[in-house]
There are 2 protein chains.
Amino acid sequence: MTAVTRPGGRTAAVRDAVLRAAADLLVESGLEGLELAAVAERAEVGKSTVYRRWGSVPALVADLLVDMADTSSRRPATGSLSTDLLAAAKLIRRTLTDPRQGPLFKAIIATATCDPTTAHALAAFYRKRVDEVSHVVTAAVDRGEAPDGVDAREVIRHLSAPLYYRFLTDTAPISAADVRRSVALTMAGVQAGVFGP
Amino acid sequence: MTAVTRPGGRTAAVRDAVLRAAADLLVESGLEGLELAAVAERAEVGKSTVYRRWGSVPALVADLLVDMADTSSRRPATGSLSTDLLAAAKLIRRTLTDPRQGPLFKAIIATATCDPTTAHALAAFYRKRVDEVSHVVTAAVDRGEAPDGVDAREVIRHLSAPLYYRFLTDTAPISAADVRRSVALTMAGVQAGVFGP
């Protein structure tokens, strides 16, 4: 078999269409609305292609998370740790309160609670995202703004946690005050040596 | 109609059986396994009773949360803020890593992401639980261990958040180190004035 698939060509276009359709269905009706046949129809792609390439809903959600991780790598670089953390926390707030991204994250996190494949893909997604943002902490260490040996990933995880806790356990939206408090708490923790060394 | 229902009598027994059956089904198969007919069968209660009294799955989950809030009011009182917070964080870890409670919370939080009735009941549950635990902070204010005017509820929310973030976005279990770090961070925040006044 000689597959004619140049990079970024038809194969990539099919994947884009399928992942977009999967995200649309998750946003509109949650995990229950996500079936491979419906994804294929919405993406205007042959059902057999979707079944052959992704095989199952969890595998499709896992690939969606890989794609989301690849396309979400903006790093703040404002020159100071507190303003970098503020930029990162604001981006989390913007993402989770976005009318499309918010429901998409909720649907994926809900799926992860009951499906191990999605749970692993989601954990990998957050590891990658946290790794990317944690560079603001290592840059702060280089500038002497944070102690050498600080656990940069844990700093970013604790910056994110209060915003996700609001997102998932409360009906009140994530506020600007939530963002500022999370940054202030994380900075206090860095200064008090909570994240090491 | 003269209903013969003494307090704690048959009505309470029916509710206990129905809520226990609902929790069992949520633990075993998540929201998808929760149907009123299945709950009635498992609880050995007439279907019509369950339909008449709860009416819908979201209403049943909401009542389950009311019951969970009523029966979970242990307050730490060790005499110092940091050990009270440690006791509270340990209880959260114990609950979320419990083989029954953990999956139950995951199923309810997942349900809340896609159902407004459950979301409101869940938010009310956490408001009540956070309120109860926040007495350790007001007691610390009375002892002069924390500044007057500190937002006790936000202290407890930020103590809980990293543990829930681990629970919902990571496959690694909540560790004893996670508990200690969350307490240390919260204490650093109280001392730095992050939670007011």
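Reader: Does Glu44(B) count as buried or exposed, and at what relative accessibility?

Author: This is a predicted model, in which local features need pLDDT of at least 70, side-chain atom pairs count only at pLDDT 80 or more, and totals for chains, interfaces and linings use all residues. Residues are numbered from 1 along each chain as its sequence is written, chains are lettered from A and ligands numbered from 1 in the order in which they are written, and side-chain values use heavy atoms, with hydrogens and water left out. Buried means under 20% relative accessible area, exposed over 50%, and partly exposed in between, with a 1.4 Å probe and protein chains only. Glu44(B) therefore counts as exposed, at a relative accessibility of 76%.

Reader: Where is Glu44(B) found, and what is its phi?

Author: Glu44(B) sits in the loop between α2 (36-43) and α3 (47-53) of chain B. Helices here are DSSP runs of H or I with at least four residues, strands are runs of E with at least two, and both are numbered from the N terminus. Glu44(B) is a residue other than glycine, yet its phi is positive, near 55 degrees.

Reader: In chain A, where is Glu44(A) found, and what are its phi and relative accessibility?

Author: Glu44(A) is in the loop between α2 (36-43) and α3 (47-53) of chain A. Although Glu44(A) is not a glycine, it has a positive phi of about 55 degrees. Glu44(A) counts as exposed because its relative accessibility is 75%.

Reader: Which residues of chain A does the UniProt annotation "DNA-binding region" cover, and how much of that span is helix?

Author: The annotation comes from an unreviewed UniProt entry and covers residues 35-54 of chain A. UniProt positions are given in the numbering used here, feature names are shortened, and annotations may be inferred rather than shown by experiment. The end C-alpha atoms of residues 35-54 of chain A lie 12 Å apart, and the span is 0% strand and 75% helix.

Reader: How many helices does chain A have, and what share of its residues counts as buried?

Author: Chain A has ten helices and zero strands. Its C-alpha trace spans about 60 × 40 × 25 Å along the principal axes. Among contacts in chain A with a separation of 6 or more, residues 24 or more positions apart account for 64%, where contact means heavy atoms within 4.5 Å. Of the 197 residues of chain A, the share that counts as buried is 52%.

Reader: How do helices α5 and α10 of chain B pack, and what is the handedness of their crossing?

Author: Helix α5 (residues 81-97) of chain B and helix α10 (residues 176-192) of chain B have axes 9 Å apart and pack at an angle of about 140 degrees. That makes α5(B) oblique to α10(B), since angles under 35 degrees count as roughly parallel, over 145 as roughly antiparallel, 65 to 115 as roughly perpendicular and the rest as oblique. Axes are lines fitted to C-alpha atoms, for helices over the stretch in contact, and angles run from 0 to 180 degrees between N-to-C directions. A crossing is left-handed if the near helix is turned anticlockwise from the far one by less than a right angle, and right-handed if clockwise; the crossing of α5(B) and α10(B) is right-handed.

Reader: Which residues of α10(B) do residues of α5(B) meet?

Author: On the side of α5(B), the residues are Leu81(B), Ser82(B), Leu85(B), Leu86(B), Ala89(B), Lys90(B) and Arg93(B). In α10(B) they meet Ala176(B), Val179(B), Val183(B), Thr186(B), Met187(B) and Val190(B).

Reader: Which residues does Val14(B) touch beyond four places in sequence?

Author: Val14(B) is in helix α1 (residues 10-29) of chain B. At 9% relative accessibility, Val14(B) counts as buried. Not counting residues up to four places away in sequence, Val14(B) touches Val45(B) and Thr49(B).

Reader: With which residues is Val133(B) in contact, leaving aside neighbours within four places in sequence?

Author: Val133(B) belongs to helix α7 (residues 116-133) of chain B. Its relative accessibility is 13%, so Val133(B) counts as buried. Neighbours within four places in sequence aside, Val133(B) is in contact with Ala88(B) and Ile156(B).

Reader: Which residues does Arg157(A) touch, not counting residues up to four places away in sequence?

Author: Arg157(A) lies in helix α9 (residues 152-169) of chain A. With a relative accessibility of 10%, Arg157(A) counts as buried. Beyond residues up to four places away in sequence, Arg157(A) touches Val130(A), Pro162(B), Tyr165(B) and Arg166(B).
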